[in-house]
Amino acid sequence: MSVSVLGAGAFGTALAISLARKAPATLWARQVGEMAKTRENSKRLPGCPFPDALTVTEDLTAAVQADILLLAVPMQKLRDVLETHADLLKGKHLVACCKGIELNSGVGPVMVISQTIPDATAAILTGPSFAADIARGLPTALTLACADAEAGAYLQEELTTENLRLYRTTDTIGAELGGALKNVIAIASGAAIGAGLGESARAALMTRGYAEMQRLAAHLNAEPTTLAGLSGFGDLTLTCTSEQSRNYRLGQSLGAGRAFDADTTVEGAATARAVDALARDAGLDMPITRAVAGLLDQELDVATAMKSLLTRPLKEE
Ligand SMILES: NC(=O)C1=CN([C@@H]2O[C@H](COP(=O)(O)OP(=O)(O)OC[C@H]3O[C@@H](n4cnc5c(N)ncnc54)[C@H](O)[C@@H]3O)[C@@H](O)[C@H]2O)C=CC1
Ligand SMILES: O=C(CO)COP(=O)(O)O
């Protein structure tokens, strides 16, 4: 078995470090810069030295010799990466490690893989996992979703490490929705805390946000139990309660009226807009997602957004 990680951001680097503790692994980047010499990704993941068994390369042809390729680029870049390198990626096990819904198409990463490289085995690895925690060797549990049960079992076995315990499912739609939608709710949670609305408000947003996640998942025929697992409930809990999360921190900035670094990868922003459009088209009630999209597009401020949520018609839970 061999694994290559394509994309050397914080998460790709962390996964490569973690996997290289188990067996030789490769990390591919368009430009490796100082990484090969300093054996550290000082820009995206400082303070996490590379194990000797990790090879860093700009040579994609060499990287794709591995049996399993982890795709750790931002969601809105995934299609471009796959289309650009389609010839090299044919027939491979391609495991998306990104979390989001594509803005132009409304689909998630597994569907993007299936559309662009139809003869690849498409899967997703998702769940509660901050890059810095993974790179430091701290433990967590993740969901590996692959529609092909046999391939899923193979990937689960190969990608499990001493510190990363993988559970598997064939419900790729549920797994990718969990990882995508929790980021939208994390922005809402951060906004509530940033605006000084308190932890009770955050808990209410997390719970009603989870109800929205379940609603869209049911509409798209995902298994409700998948959302209750690591990819949904697990990652929602982590991301809505930690300042390590960039989505949560963007929300805090919106709530406090502060500027936020536009170069930071915040997947929930495009996903909120994509899901807001999906919900409107499908006639689904997703008021927290609507409020987050409105906040991001400066159509609403936090006070107006909260008022719109609190004054909705009363209903059964
Ligand atoms: N950082 C984290 O703790 C976690 C991140 N993720 C997910 O991983 C994905 C990536 O996030 P991060 O690594 O944190 O982002 P990042 O902002 O640290 O890095 C993104 C990387 O993608 C690379 N990239 C962009 N376009 C590319 C292209 N066309 N070809 C090759 N490389 C390209 C950039 O050069 C950069 O190194 C996101 O979907 C995120 O939700 C998932 C779990 C944890
Ligand atoms: O997905 C993550 C943790 O599981 C990382 O969250 P952020 O992208 O908000 O930093």
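Modeller: The buried residues of helix 4 pack against strand 4 (68-71), helix 5 (86-89), strand 5 (93-96), helix 6 (109-116) and helix 14 (267-282). Helices (H or I, at least four residues) and strands (E, at least two) are DSSP runs, numbered from the N terminus. This is a predicted model, where local features need pLDDT of at least 70 and side-chain atom pairs count only at pLDDT 80 or more, while totals for chains, interfaces and linings use all residues. Residues are numbered from 1 along each chain as its sequence is written, and chains are lettered from A and ligands numbered from 1 in the order in which they are written.

Biologist: Which residues in helix 4 are buried?
Modeller: Met 75, Leu 78 and Leu 82. A residue is buried if 20 or more other C-beta atoms lie within 10 Å of its own, exposed if 12 or fewer, and partly exposed in between, with C-beta atoms placed from the backbone.

Biologist: And which exposed residues are on the face turned away from that buried side of helix 4?
Modeller: Asp 80 and Thr 84.

Biologist: New topic. Which residues does UniProt list for "binding site"?
Modeller: The unreviewed UniProt entry lists Lys 99, Arg 246 and Asn 247. UniProt positions are given in the numbering used here, feature names are shortened, and annotations may be inferred rather than shown by experiment. These residues span 149 residues in sequence, yet no two of their C-alpha atoms are more than 12.7 Å apart, so they gather at one spot.

Biologist: Where is Lys 99?
Modeller: Lys 99 sits in the loop between strand 5 and helix 6. Lys 99 is buried, with 28 other C-beta atoms within 10 Å.

Biologist: What does Lys 99 touch?
Modeller: Not counting residues up to four places away in sequence, Lys 99 touches Met 75, Thr 126, Gly 179, Ala 180, Asn 183 and Glu 267. Two residues are in contact if their C-beta atoms, placed from the backbone, lie within 7 Å.

Biologist: Is Arg 246 buried or exposed?
Modeller: Arg 246 is buried, with 23 other C-beta atoms within 10 Å. Arg 246 is found in helix 13.

Biologist: How many residues surround ligand 2?
Modeller: There are 13, and the closest are Ser 129, Asp 235, Ser 245, Arg 246 and Asn 247. A residue counts as near a molecule if its C-beta atom, placed from the backbone, lies within 6 Å of it. Helix 12 gives the most to that shell, with 3 residues.
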